[in-house]
Amino acid sequence: MSILDIRVLGDPVLRQVTTPVAEVTDEIRRLVADMFETMHHARGIGLAAPQVGRTERLAVIEIDGEPLVVINPEIVERSSAKDKAEEGCLSIPDIYADVERPKDVVVRAMDLDGSEYEIEATELLARCLQHEIDHLDGRLFLDYLSVLKRTAALTKWKLQQDKYPGFIRRTALETPEERKRHEHPDEEL
Ligand code: ZN
């Protein structure tokens, strides 16, 4: 397994719509294993393929020690009830903002064995699934902000984007101190 570089805001791959996975091959299994290792190292709770420069429609999530692989995920139901909470993103380090989303969702996806399953998600898992599926459609949480809040977030981002030449975050090279800096009461996805 290896820790992959994480692509940050500005890399066009984050705006690309991903391609459904036709078959779960050894290459896909290896990508998933690497994404889990990368997410653990960066102390995130979710990571989507475009965040590591890939275009396969898949993401990994781990909340409370429960790993979840979603391949070709689709939201099949959304609650009308909404919920607002602060979000961050491993591809936009140190930027956080409140995002309103449906409180509960039902997601249909394929697992690593190639079997289709459905998951009813609430609270943080529902939020995380929506954030990751957005990544797979080329959307970022900043897209949900008001013009004013987005401008403020982008201004803050511009002050630090030079830390990531070529829009690449060298995750494996980050020191424990640097990783601690990214820690936040609300987790990055
Ligand atoms: Zn994200």
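**Exercise 1.** Classify arginine 54 as buried, partly exposed or exposed, and do likewise for its salt-bridge partner, glutamate 56.

*Solution.* The model is a predicted one. Step 1: the limits are under 20% relative accessible area for buried and over 50% for exposed, with partly exposed in between. Step 2: arginine 54 has a relative accessibility of 25%, so this residue counts as partly exposed. Step 3: glutamate 56 stands at 17% and therefore counts as buried. Step 4: the two side chains form a salt bridge, with a distance of 2.9 Å from N to O.

**Exercise 2.** Determine which parts of the chain are tied together by the salt bridge between glutamate 74 and arginine 57.

*Solution.* Step 1: in this salt bridge the closest N and O atoms are 3.5 Å apart. Step 2: glutamate 74 belongs to strand E4 (residues 66-78), whereas arginine 57 sits in the loop between strand E2 (46-48) and strand E3 (58-63), so the pair ties together parts 17 residues apart in sequence. Step 3: arginine 57, at 5% relative accessibility, counts as buried, while glutamate 74, at 43%, counts as partly exposed.

**Exercise 3.** Check whether the span of helix H1 agrees with its number of residues.

*Solution.* Step 1: helix H1 (residues 26-41) has 16 residues, which at 1.5 Å a residue should span 22 Å. Step 2: the end C-alpha atoms are 23 Å apart, which agrees. Step 3: the buried residues of H1 include Ile28, Leu31, Val32 and Phe36. Step 4: just after H1, arginine 43 adopts a positive phi of about 60 degrees.

**Exercise 4.** Describe the largest pocket and its lining.

*Solution.* Step 1: the volume of the largest pocket is about 200 Å³. Step 2: the lining has 15 residues, and the closest to the pocket centre are Ala97, Asp98, Val99, Leu145 and Lys149. Step 3: strand E6 (97-102) and helix H3 (147-160) each contribute at least two lining residues. Step 4: the lining comprises eight nonpolar, one polar and six charged residues.

Technical notes
Residues numbered from 1 in each chain as written. Predicted model: local features only at pLDDT ≥ 70, side-chain atom pairs only at ≥ 80, totals over all residues. Heavy atoms only, no water. Helix = DSSP H or I, 4+ residues; strand = E, 2+ residues; numbered from the N terminus. Expected span 1.5 Å × (residues − 1). Buried < 20%, exposed > 50% of the residue type's maximum accessible area, 1.4 Å probe, protein only. 1 Å grid on protein atoms, 1.4 Å probe; cavity = no way out; pocket = protein on both sides within 12 Å on 5 of 7 lines; lining within 4 Å. Points joined across faces, edges and corners; volume = space filled by probe spheres on them. Nonpolar A, V, L, I, M, F, W, Y, C, P; charged D, E, K, R; others polar. Salt bridge = Lys/Arg side-chain N within 4 Å of Asp/Glu carboxyl O.
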